Amino acid sequence: SSGTSPRRKVAKMGAYKYMEELWRKKQSDVMRFMQRVRCWEFRYLPAVHRASRPTRPDKARHLGYKAKQGYVVYRVRVRRGDRKKNVAKGIVYGKPKHQGVNKQKSVMNLRSLAETRVGRRICGNLRVLNSYWVGQDATYKFYEVIMVDPQHAAIRNDARINWICKPKHKHREMRGKTAASRKSRGLQVKGPKSARLRPSRRSAWRRRQFLQLKRYR
């Protein structure tokens with residue numbers, strides 16, 4: 001009838017969408033309390049350890065994680081800030097120009113560094129799929145790295161993920177092939193600004209050093 005108002009449509013959110021919105025509001029009272037408790041727990045765990053389940057299931061699923069056999073999640077702790085030069089007792093035997101030990105700026109971002117530590121030290125037989133941030137405090141940043149077992153039948157028989165079983169994807173985290181590494185290499189940039197970034201900075205530099213004259217016959 002003319003006296004009734006039209007029914008308002010209420011947008012419904014699923015569980016993953018609800019969790020995603022929670023993580024977007026990191027300054028809310030709930031998230032600040034949760035993150036404080038989580039970081040307190042993570043600090044007292046080993047620097048690299050296996051997580052029983054993802055801290056952020058919505059984010060993990062966005063990045064390719066499935067709750068089935070063959071998928072593993074590792075949590076990594078990385079010290080924030082600059083890197084230190086790897087020299088014994090802080091002594092650099094050389095010219096004064098090279099004697100700095102602290103304030104060494106890393107080329108890789110910390111997320112890429114976290115992936116490298118898991119792939120190299122702990123899980124040499126697994127493949128790094130992706131990673132995401134789960135928390136930080138004054139000293140550390142905490143990341144979770146999604147690993148895939150390329151020998152597992154559940155992975156090899158899954159057409160969505162069995163690309164990672166190919167030999168060319170061995171230690172992709174060490175060669176700048178993961179999403180975090182590609183970001184630090186500047187490969188998210190498109191167009192003319194990326195002329196000196198592709199295929200890599202070093203390759204582009206070598207290309208510019210040589211004079212190439214076409215021979216016409």
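Student: Which residue of strand 4 is the bridge partner of Arg127?

Tutor: The bridge partner of Arg127 in that strand is Val148, and Trp133 likewise stands opposite Tyr143 in strand 4. The model is a predicted one, in which local features need pLDDT of at least 70 and side-chain atom pairs count only at pLDDT 80 or more, while totals for chains, interfaces and linings use all residues. Residues are numbered from 1 along each chain as its sequence is written, and side-chain values use heavy atoms, with hydrogens and water left out.

Student: What makes strand 3 and strand 4 a pair?

Tutor: Two strands pair if DSSP finds at least two bridges between them, and strands themselves are DSSP runs of E with at least two residues, just as helices are runs of H or I with at least four, both numbered from the N terminus. Strand 3 and strand 4 (residues 140-148) have eight bridges in the antiparallel sense, and therefore they meet the rule of pairing. They also form a hairpin, with three residues between them.

Student: How many bridges join strand 2 and strand 4?

Tutor: There are nine bridges, again antiparallel, and Arg79 stands opposite Tyr140 of strand 4.

Student: What is the order of the strands in the open sheet, and which are the edge strands?

Tutor: The four strands follow the order 1-2-4-3 with antiparallel pairing. The edge strands are strand 1 (48-51) and strand 3 (127-136), each of which pairs on one side only. Neighbouring strands are turned by 30° against each other on average, direction ignored; axes here are lines fitted to C-alpha atoms, for helices over the stretch in contact, and angles run from 0 to 180 degrees between N-to-C directions.

Student: Which strands does helix 2 touch?

Tutor: Helix 2 (residues 29-43) packs on the sheet and touches strand 2 (71-79), strand 3 and strand 4, with its direction at about 120° to that of strand 3. Touching, or contact, means heavy atoms within 4.5 Å.

Student: Why is Arg75 called buried?

Tutor: Buried means under 20% relative accessible area, exposed over 50% and partly exposed in between, with a 1.4 Å probe and protein chains only. Arg75 has 9%, and so it is buried. Arg75 lies in strand 2, and its contacts, not counting residues up to four places away in sequence, include Phe42, Tyr143 and Glu144.

Student: What makes the link between the side chains of Arg75 and Glu144 a polar contact?

Tutor: The term asks for a pair of N or O atoms within 3.5 Å; within protein, one must be able to donate a hydrogen and the other to accept it, and residues adjacent in sequence count only if both atoms are side-chain atoms. The side chains of Arg75 and Glu144 are joined at 3.0 Å, so the distance is inside that limit.

Student: Which residues touch the most other members of the largest nonpolar core?

Tutor: Such a core is a set of buried Ala, Val, Leu, Ile, Met, Phe, Trp, Tyr and Cys residues joined through side-chain atoms within 4.5 Å. Of its 18 residues, Tyr71, Leu129, Ile146, Val148 and Ile161 touch the most other members. Helix 2, strand 2, strand 3 and strand 4 each give two or more residues to this core, and the largest share, four residues, comes from strand 4.
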